[in-house]
Amino acid sequence: MTGRGGPRRGSDDDPATVSDDAARLGDPTPDDGAAVAQAFYSRWARLYDALATRAPGVGALRSRAADALALEPGDRVVEMGCGTGANFPHLRDRVGPDGAVVGVDFSPGVLDRARDRIERRGWENVHVVGGDATRPPVALNGDGPSRPLDLDGDLPSRPLDLDGDLPSRPVDAVFSSFVSGMLPDPETTVRGWADLVDPAGRIAVLDLARSTRPSGAPLNPLFEAFVLAGSPPGTRLRGREATRTLDARVATAHRTVRAACDDVRYSTHALGFARLSAGTVR
Ligand SMILES: C[S@@+](CC[C@H](N)C(=O)[O-])C[C@H]1O[C@@H](n2cnc3c(N)ncnc32)[C@H](O)[C@@H]1O
């Protein structure tokens, strides 16, 4: 896993460069394959968890992304599209026992595995909540929380309230990994995530997209096959446009982090296939 830290603008690896000739983002319709994606991730939760935790280099990548959040003990971090909780150990290590980690996902099957992980580890300050990351079920700065989805009847009927005064205590950081490509309108969604964060809080987004590095680009056809295999059938990310749509959504998400933050750091890893953007929300 090779990293290249530091802000990079206008380079071949810059997500803006990737997006300029990339595909359309697709209409930001609310039903943009969400039900199909939920069924897909629920069905394949066990296999996904194995990949998410054991694929070569993935642990180091997750650790690097968690570092980019610059979390401190006692911080409260929300992970959007947390899946089976593969990032939880990295986030929990950094916020310590006095902080809190909240994972949000809309697929019941992966949430079950995330809950198992929490229970096995005995983490009392790590929570998952069923909800749509495009309408996060966590408190907003002063506006009151949005409503969570009630996916399977035993999810919280109201937003997770960690200590009784969440609305007056925005979160310190928002994180997301490998989710941007599933967002119908990544600009609005990532902007909304930034709005959840306390002033001077952090946001970090980690994604995969086609590589523009000379060392990685020859492997793009393999990556395209990987994207097809991993895309829920029937969603816009299936078919010939799959990777172009993925690239465009990822590029938009990362550009939005850049627009919302000061001191943004953008880096690429894993031969240029992994993209990490992080910054301090202004
Ligand atoms: C590729 S997995 C990544 C999971 C996890 N972040 C990781 O790094 O292993 C994408 C996850 O995003 C979730 N997801 C996608 N769109 C979502 C949305 N709008 N709201 C909540 N979860 C969403 C899916 O259910 C799935 O668990």
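Start with helices α8 and α9 in this predicted model: select residues 220-230 for α8 and residues 242-260 for α9. How are the two arranged, and at what angle do they pack? Their angle is about 90 degrees, with the axes 9 Å apart. Angles of 65 to 115 degrees count as roughly perpendicular, so α8 and α9 are roughly perpendicular to each other. Now show the side chains where they touch: Glu224, Val227 and Leu228 come from α8, while Ala242, Thr243 and Leu246 come from α9. Colour that contact by class and you'll get four nonpolar residues, one polar and one charged.

Next, pick helix α3 (residues 45-54) and helix α6 (residues 108-121). Here the axes come within 9 Å and cross at roughly 55 degrees, which makes α3 oblique to α6. The crossing is right-handed. Zoom in on the residues that meet: α3 brings Ala45, Tyr48 and Asp49, and α6 brings Gly109, Val110, Asp112 and Arg113. By class, this contact has three nonpolar residues, one polar and three charged.

For another pair, select α4 (residues 58-68) along with α5 (residues 88-95). These two helices pack at an angle of about 35 degrees, their axes 9 Å apart. Their crossing is right-handed too. Which residues make the contact? On the α4 side, look for Arg62, Ser63 and Ala66; on the α5 side, His90, Leu91 and Arg94. The split by class is two nonpolar, two polar and two charged.

Last stop: colour the whole protein by pLDDT. The average is 81, and 74% of the residues score at least 70. Then select residues 140-160, where the pLDDT is below 50. Beyond near neighbours in sequence, that stretch has 45 contacts in the model. Finish with residues 163-168, where the pLDDT is also below 50. This stretch has six contacts in the model beyond near neighbours in sequence.

Methods: Residues are numbered from 1 along each chain as its sequence is written. This is a predicted model: local features need pLDDT of at least 70, side-chain atom pairs count only at pLDDT 80 or more; totals for chains, interfaces and linings use all residues. Axes are lines fitted to C-alpha atoms, for helices over the stretch in contact, and angles run from 0 to 180 degrees between N-to-C directions. Helices (H or I, at least four residues) and strands (E, at least two) are DSSP runs, numbered from the N terminus. Angles under 35 degrees count as roughly parallel, over 145 as roughly antiparallel, 65 to 115 as roughly perpendicular and the rest as oblique. Two residues are in contact if their C-beta atoms, placed from the backbone, lie within 7 Å. Ala, Val, Leu, Ile, Met, Phe, Trp, Tyr, Cys and Pro count as nonpolar, Asp, Glu, Lys and Arg as charged, and the others, Gly among them, as polar. pLDDT is the predictor's confidence in each residue, from 0 to 100. A crossing is left-handed if the near helix is turned anticlockwise from the far one by less than a right angle, and right-handed if clockwise.
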